[in-house]
Amino acid sequence: MNLSIGGWDLLILVSYLLLVILFGLWIGRGKKDLDAYLLGGRDVPWWALLGSIIATETSTATFLSVPGIAYAHGTGDLRFLQLALGYIVGRILIVWILLPQYFRGNMFTAYEVLDRRFGGATKKMASLIFLVTRNLGDGLRLFLTALVLEKVIGLSITPCVLILGVATIVYTFFGGIRSVIWNDCIQLIVYLGGGLLAVGFLLNELPGGWDQYVAYGQAQDKFRVFDFRWDFSETYTFWAGIIGGMFLTLGTHGTDQMLVQRYLAARSQAEAGRALICSGFAVLVQFALFLLIGVALACYYDQFPPLEAFGPKDNDKVFATFIVEKLPVGLVGITLAAVLSAALSTASSSLNSSASSAVSDLYRDLKKETSTDRSLVRASRRFTIFFGCCQMVIAVVAQYFSSSVVSHALAIAGFSAGILLGLFFLGVFTRHVQQRDAFCGLVVAVAVLSYVKFGTEIAWPWYALIGAATTIGIGLLANVVLPTKRFVEPAREEDEFRDGLAKTEESTG
């Protein structure tokens, strides 16, 4: 399918990329110390954090693949929204259980909680898990965005990856987290606006307009939301959404440095909690918008079949094809800018949080005697370039594999989210589990999840629950059956940790 866009649309696209870079450079100017570069001076208003959280978890996979879920012939509907319900429950639990831990002390990363409870080795292992899975998943998301550029500007995958990757590296490198957050807010407006423009145009193109859209959706059962079957192989059921989605969010939003970094940039714990809970409801509305776009696409192509029919594996491509083939001049460029907005917001957040974790959890410990604030900022910028290059390499290599990008990216997130969540729960809710026991849980959880992924038909929303339960269960078992020799865990530090937790529980009611 060979597509291309006109000169005006290409100009809009290029201008948008340049404006994003220039705005990032301007908003992030003068950020010299580590606290300002990685956490925005801990003075970011809650509503900006809200916009950044939403934009950060919205990648090109959301913009293009979620409409494809509702578009799918025979199976497409709104059941994906059940996951969003679990996301809301998970956020509430994070505010109650995990968020207080991050505001005890002057922390830079989520994994410093594990350092305080278990020791430096656990912190480093958790950080490495985050770095590997985050950059692998976001490299795949970068590949999906490059696929769109490949179709619309006629370049091959590799130069498209370079264009996107370099643009993201530049404004993240110079501006730090403040540049990322404020660019996220702009990108949120752009991609939501692009989605609304696209669905408005779709409805206008239908001869029967809104009435035809509703009648088609009802006839094809496209507006179905709930599925109460207990089937662990089905991805979009109520139980997979509520339970699996809750545990996935507890992991991704409760232990993933990319999101925790935003909470730490807030003016207070209360403002961070407000932004996080509000984001859950906003994401529910956002998912509904993109799913309804998918229903509109199905209705449109049912009446006006494409010259080249979409195959069962082409659902991710339907919305992108419609944008380029059917939208008028100008609107194409705006909507494609919206696609890039979704991609850049996730990519920039990924690079900055990866640099934050690498410097705070790994590099700073190695350079403890010689590091200064200025040298740590320089190191953060070098890591930004390094992880940007890693993601570009992953995106280029991904073109040689055929798979559903969104499924694999979310499955990878489920792997790390569940394991890290299990480690955090062992640290917060147990008194005697040691670093040795936590490591045992982690290793077994990796093996169990690998078997679940490649040896069973269990759907990916359950991965986080399985990973967390395995890590916790094996950690507790190891503490009981392994030799009773106690490793380095000073009683005073542990008592202080438990006292702090008790105070947190009292303050949260």
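Tutor: Let us begin with burial, for which a residue is called buried if its relative accessible area is under 20% and exposed if it is over 50%, with partly exposed in between. Keep in mind that this is a predicted model.

Student: How is a pair of aromatic rings described?

Tutor: A pair of aromatic rings is described by the distance of the centres and the angle of the planes. In this structure the count comes to 28 aromatic pairs. Among them, Tyr-300 and Phe-322 are edge-to-face, with 5.3 Å from centre to centre and 80° between the planes. Because Tyr-300 belongs to helix 12 (residues 269-303) and Phe-322 to helix 13 (residues 315-326), the pair ties together parts that are 22 residues apart in sequence.

Student: Are Tyr-300 and Phe-322 buried or exposed?

Tutor: Tyr-300 is buried, at a relative accessible area of 5%, and Phe-322 is buried as well, at 0%. By contrast in geometry, Phe-383 and Phe-387 form a stacked pair, 6.0 Å centre to centre with 20° between the planes.

Student: Where do Phe-383 and Phe-387 lie?

Tutor: Both lie in helix 15 (residues 373-398), four residues apart, which is about one turn of the helix. Phe-387 is buried, since its relative accessible area is 6%, whereas Phe-383, at 22% relative accessibility, counts as partly exposed.

Student: Which residues do ring pairs link into a cluster?

Tutor: The cluster consists of Tyr-71, Phe-201, Tyr-300, Tyr-301, Phe-304, Phe-310 and Phe-322, linked by ring pairs. A charge can also be read against a ring: Arg-381 lies over the face of Phe-173, at 5.6 Å from the ring centre.

Notes: Residues numbered from 1 in each chain as written. Predicted model: local features only at pLDDT ≥ 70, side-chain atom pairs only at ≥ 80, totals over all residues. Heavy atoms only, no water. Phe/Tyr/Trp six-rings, centres within 6.5 Å; stacked < 30°, edge-to-face > 60°. Helix = DSSP H or I, 4+ residues; strand = E, 2+ residues; numbered from the N terminus. Buried < 20%, exposed > 50% of the residue type's maximum accessible area, 1.4 Å probe, protein only. Lys NZ or Arg CZ within 6 Å of the ring centre and 35° of its normal.
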